[in-house]
Amino acid sequence: RKTGKVGLEWLRVRKQWVTLNPPDHQGFYLCALCAKPVFWSEMELDHRVSRSRDPSLRADITNLQPTHSYCNQLKGSLAIEAKVSPEEYEFRKLLDL
């Protein structure tokens with residue numbers, strides 16, 4: 001449960017990201033780290049640039065990408081290049097893949 005100023009801000013940012021980036025027609029996102037489908041209710045938002053590396057990007061929705069919980073935990077705060085670029089992600093959404 002998220003409480004406090006930071007928790008409420010994160011809930012607002014997450015809601016904004018999901019509104020701007022809806023899942024495909026079957027309710028799936030594409031995990032940016034493993035490039036496999038992840039159901040919307042199991043999706044975690046990962047910070048491309050970790051909060052520890054640049055705290056100013058904490059609430060920047062352009063710094064977020066959908067991931068599996070497991071993939072996100074493995075990545076941690078490492079700077080790992082996503083398997084799915086933001087451009088490819090948008091293209092796949094258009095094709096509804």
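How far is the sulfur of Cys71 from the closest cysteine sulfur? The views below take you there, starting with the cysteines. This is a predicted model, in which local features need pLDDT of at least 70, side-chain atom pairs count only at pLDDT 80 or more, and totals for chains, interfaces and linings use all residues. Residues are numbered from 1 along each chain as its sequence is written, and side-chain values use heavy atoms, leaving out hydrogens and water.

**View 1. Cysteines without a disulfide.** The sulfur of Cys71 lies 3.8 Å from the closest cysteine sulfur, in Cys31, which is too far for a bond. A disulfide here is a pair of cysteine sulfur atoms within 2.5 Å. A search of the whole structure finds zero disulfides. Cys31 is in none, and its nearest cysteine sulfur, in Cys34, is 3.7 Å away. Cys31 is buried, with a relative accessible area of 0%, and Cys71 is buried too, at 14%. (Buried means under 20% relative accessible area, exposed over 50%, and partly exposed in between, using a 1.4 Å probe and protein chains only.)

**View 2. Strands β3 and β4 side by side.** Strand β3 (residues 43-47) pairs with β4 in the antiparallel sense over five bridges. Strands (E, at least two residues) are DSSP runs numbered from the N terminus, and two of them pair if DSSP finds at least two bridges between them. Look for Glu44, which stands opposite Thr67 in β4. Four of the five residues of β4 (residues 64-68) are buried.

**View 3. Ser41 in its loop.** Ser41 sits in the loop between β2 (37-39) and β3. Ser41 is partly exposed, with a relative accessible area of 46%. Its C-alpha atom is 8.8 Å from that of Phe28, 13 residues apart along the chain.
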